[in-house]
Amino acid sequence: MKHSLRLAALVLATVIMLSVISGCAAPEVKESAEPAPTAPETAPEAGSQQPEQTAVPADSREPVNTAHMVTDNLGNEVEVPDEINRIAIISTVPLASVFCMVEGSGDKLIGLTPSSKNAAVHSFISRIAPNVADIDSSFAEGDAVNVEAVAALEPDVVFYNANNAGDAEAAAKLTELSIPCVAFSTTVEGGNTIETFNAWAALMGEIMQKQSRAEEIVAYGREVEAMVKERVAGIAESDRKSALIIGNYTQAKILGAGNTFGRYWLSTIGANNVAMELDKPLAPITLEQIYAWDPDVIFLNSFSPFKAEDILNSTAVEGDDWSGLTAVKNKQVYKMPLGVYYWFPPCSDSPLALQWLAQKLYPELFEDIDMDAAIRDYYAKFYGLELSDEDMATLYDPPAESAY
């Protein structure tokens with residue numbers, strides 16, 4: 001009996017032990033129709049070997065759009081992209097020449113007004129920007145700017161004349177379309193041509209992030225201005241020559257250069273400005289008025305299709321007889337050159353224009369200046385252009401087709 005009980009106990013213990021062992025075994029894994037969730041990546045342990053990573057090509061990454069702030073000539077804070085490749089200039093101002101000087105190229109220009117484009121095509125801008133003839137100008141007709149047409153050009157930034165109400169209105173609309181617009185003033189220090197150009201160059205340097213280049217340009221202009229002012233300061237009032245700048249002369253009109261640029265040029269070179277009474281940058285005048293003023297020297301702006309010889313020989317407009325004027329009798333009539341732009345308004349050639357005007361008015365006082373050499377050196381240094389004798393002849397005697 002006792003033997004039977006011990007046997008039964010042994011069997012029971014064996015069954016219990018097998019049951020415990022079976023319960024601890026891993027359960028059967030069944031296949032699932034859904035994939036298992038991916039575990040989050042963790043940093044690899046030091047020294048562990050990881051599978052090789054495939055690099056993402058640089059050109060397939062999301063671009064990083066960075067920008068910087070500039071203060072334009074109106075005092076507006078404008079955010080412009082760090083990388084600028086498309087620039088539209090919607091005003092007829094000489095900004096293309098200043099841009100090319102600071103940037104060293106005109107490849108990024110995509111929009112110019114018809115007048116600015118015409119001047120560029122017939123100037124040395126065409127050498128700095130060989131594509132200038134293909135630059136779009138269809139967005140402007142007369143004084144009107146088609147905002148939608150400008151936007152269609154997809155500019156990275158737009159430049160405009162702060163003193164032109166229509167252009168400023170167009171710029172405001174473009175700003176609403178998230179296109180950065182930068183204002184450039186034509187009345188810096190009351191029309192000081194050198195300082196207007198300097199302000200443009202400095203602002204252009206900030207926009208294109210080429211401040212050192214801009215500073216070098218500004219320094220040269222101020223050095224020239226200081227030199228000219230110092231030399232003419234010693235001229236006695238009784239020895240100062242009278243002068244007139246003709247802002248434009250066509251078959252239909254004669255415009256005198258009054259305030260702003262004309263006033264600056266003549267006062268800086270030590271001339272008595274016979275047209276001081278004119279209260280506009282360019283004002284209509286008559287030949288009779290010029291006879292009443294009878295200036296010692298006449299400068300003809302290169303806006304005009306006529307040459308100095310046309311005035312000297314009275315062959316410009318039928319019926320206009322200039323022969324009785326003192327300047328004509330003494331052959332003191334000079335047409336202003338056209339380099340990268342007309343030399344009358346502010347442009348990147350303004351420091352050269354100041355020297356040229358001063359030397360024409362007082363040749364003995366500036367006889368040490370070799371204008372040919374000064375122009376060639378300037379163009380080589382700031383534009384990277386080597387001017388030939390033919391180039392120099394074109395600069396001094398611009399074609400009629402280049403007229404404004």
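**A chat about cores, rings and helices**

Visitor: Hi! Which residues touch the most other members of the largest nonpolar core?

Guide: Phe159, Ile269, Phe299 and Tyr379 do, in a core of 83 residues. A nonpolar core here is a set of buried Ala, Val, Leu, Ile, Met, Phe, Trp, Tyr and Cys residues joined through side-chain atoms within 4.5 Å. Buried means under 20% relative accessible area, with exposed over 50% and partly exposed in between (1.4 Å probe, protein chains only). A second, separate core of 24 residues includes Ile246, Ile298, Trp322 and Val328.

Visitor: What should I know about the model itself?

Guide: This is a predicted model, where local features need pLDDT of at least 70 and side-chain atom pairs count only at pLDDT 80 or more, while totals for chains, interfaces and linings use all residues. Residues are numbered from 1 along each chain as its sequence is written, and side-chain values use heavy atoms, leaving out hydrogens and water.

Visitor: Back to Phe299. What is Phe299 in contact with?

Guide: Setting aside neighbours within four places in sequence, its contacts (heavy atoms within 4.5 Å) include Ile245, Ile269, Tyr334, Trp356 and Leu361.

Visitor: How many aromatic pairs are there in the whole structure?

Guide: The search finds 16. Rings of Phe, Tyr and Trp (its six-membered ring) pair if their centres lie within 6.5 Å; planes under 30 degrees apart count as stacked, over 60 as edge-to-face and the rest as tilted. Phe159 and Phe184 are edge-to-face, because their ring centres are 5.1 Å apart and their planes lie at 65°. That pair links distant parts of the chain, with Phe159 in strand 7 (residues 157-161) and Phe184 in strand 8 (residues 181-184), 25 residues apart.

Visitor: And how are Phe299 and Trp356 paired?

Guide: They form a tilted pair, 6.0 Å centre to centre with 55° between the planes. Phe299 sits in strand 13 (residues 297-300) and Trp356 in helix 13, so the pair ties together parts 57 residues apart in sequence. Both Phe299 and Trp356 are buried.

Visitor: Which residues form the aromatic cluster?

Guide: Phe124, Tyr220, Tyr378, Tyr379, Phe382 and Tyr383 form one cluster.

Visitor: Let's switch to helices. Which residues of helix 14 are buried?

Guide: In helix 14, the buried ones are Met371, Ala374, Ile375, Tyr378, Tyr379 and Phe382. They cover an arc of only 125° around the axis, so they are on the same side of helix 14. The arc is that of the directions from the helix axis to the C-beta atoms. Helices (H or I, at least four residues) and strands (E, at least two) are DSSP runs, numbered from the N terminus.

Visitor: What do those buried residues pack against?

Guide: They pack against helix 2 (95-103), helix 7 (193-207), helix 8 (211-232), helix 13 (350-361) and helix 15 (389-396).

Visitor: How many of the 15 residues of helix 7 are buried?

Guide: There are 13 of the 15, so helix 7 is largely enclosed by the rest of the structure. Asn192 caps its N-terminal end, where a side-chain oxygen lies 3.1 Å from the backbone nitrogen of Ile194. Gln209 follows helix 7 and has a positive phi, near 55°.

Visitor: One last thing: is Ser304 buried or exposed?

Guide: Ser304 is buried, with a relative accessible area of 1%. Ser304 is found in the loop between strand 13 and helix 11 (308-312). Beyond four places in sequence, Ser304 is in contact with Asn248, Tyr249, Lys335 and Ala403.

Key. Polar contact = N/O pair within 3.5 Å; in protein donor to acceptor, adjacent residues only side chain to side chain.
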